[in-house]
Amino acid sequence: MGRTDATYRDLLQAMESRWQEYRRALRHTDQAVFDRLFEYARAHADASGLQNHQFVEIPALVSMVIEQQKQIEDLEDRLDHLEDDLNYQG
């Protein structure tokens with residue numbers, strides 16, 4: 001029987017497991033942020049798996065950055081709308 005290569009999701013789960021001691025050392029509120037970062041990485045697992053990168057950390061970090069950038073852009077849009085509303089009423 002041939003050897004089966006681990007999927008990106010398997011590698012990501014293994015990476016998260018390796019970081020559990022670090023996670024436990026974080027403040028409780030930071031643990032939730034840490035968990036959210038890995039949720040972001042899992043959200044892009046299909047694209048990351050296609051990348052077939054030598055190091056699982058690289059596509060995981062890119063996925064995390066993508067999600068954070070989406071949040072920044074959403075907040076910028078909301079701020080622009082609020083500023084427009086304030087300027088219109090002023």
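**Exercise 1. Find which elements cover the buried residues of α1.**

Solution. The cover of the buried residues of α1 includes α2 (20–25), α3, α4 (45–51) and α5. Keep in mind that this is a predicted model.

Step 1. List what is covered. Tyr 8, Leu 12, Met 15 and Glu 16 are the buried residues in α1.

Step 2. Look down the axis of α1. The buried residues fall within an arc of 100°, so they line one face of the helix.

Step 3. Turn to the face of α1 that points away from this buried side. Exposed residues Gln 13 and Arg 18 are carried there.

**Exercise 2. State which residues make up the largest nonpolar core, and which elements give two or more of them.**

Solution. Step 1. Collect the members. The core has 11 residues: Tyr 8, Leu 12, Met 15, Phe 34, Phe 38, Tyr 40, Ala 41, Ala 45, Val 56, Ala 60 and Met 64.

Step 1. Assign them to elements. Two or more residues come from each of α1 (8–18), α3 (28–43) and α5 (57–89).

Step 2. Find the largest share. It belongs to α3, with 4 residues.

Step 3. Follow one member, Ala 45. Set aside its neighbours within four places in sequence, and Ala 45 is in contact with Tyr 8 and Arg 9.

Step 4. In soluble globular proteins, nonpolar side chains tend to be buried together.

**Exercise 3. Work out how many aromatic pairs the whole structure holds, and describe the pair of Tyr 22 and Phe 34.**

Solution. Step 1. Count. A search of the whole structure gives 3 aromatic pairs.

Step 1. Describe the pair. Tyr 22 and Phe 34 are 6.2 Å apart centre to centre, with 45° between the planes, and the pair is tilted.

Step 2. Tyr 22 is in helix α2 and Phe 34 in helix α3, so the pair ties together parts 12 residues apart in sequence.

Step 3. Tyr 22 has a relative accessible area of 46% and is partly exposed. Phe 34 has 9% and is buried, because buried means under 20%.

Step 4. Move on to the pair of Phe 34 and Phe 38. The ring centres are 5.1 Å apart and the planes stand at 50°, so this pair is tilted. Phe 34 and Phe 38 are 4 residues apart in helix α3, about one helical turn. Phe 38 is buried, at 4% relative accessibility.

Step 5. Join the rings. Trp 19, Tyr 22, Phe 34 and Phe 38 are linked into a cluster by ring pairs.

**Exercise 4. Decide whether Asn 52 is buried or exposed, and do likewise for His 44.**

Solution. Step 1. Locate Asn 52. It is in the loop between α4 and α5.

Step 1. Read its accessibility. Asn 52 has a relative accessible area of 66%, so it is exposed: the cut-off is over 50%.

Step 2. Check its backbone. Asn 52 has a positive phi of about 50°, although it is not a glycine.

Step 3. Locate His 44. It sits in the loop between α3 and α4.

Step 4. Read its accessibility. His 44 has a relative accessible area of 18% and is buried.

Step 5. Name its contacts. Apart from neighbours within four places in sequence, His 44 is in contact with Ser 63, Ile 66 and Glu 67.

Technical notes:
Residues numbered from 1 in each chain as written. Predicted model: local features only at pLDDT ≥ 70, side-chain atom pairs only at ≥ 80, totals over all residues. Heavy atoms only, no water. Core = buried A, V, L, I, M, F, W, Y, C linked by side-chain atoms within 4.5 Å. Buried < 20%, exposed > 50% of the residue type's maximum accessible area, 1.4 Å probe, protein only. Contact = heavy atoms within 4.5 Å. Arc of directions from axis to C-beta. Phe/Tyr/Trp six-rings, centres within 6.5 Å; stacked < 30°, edge-to-face > 60°.
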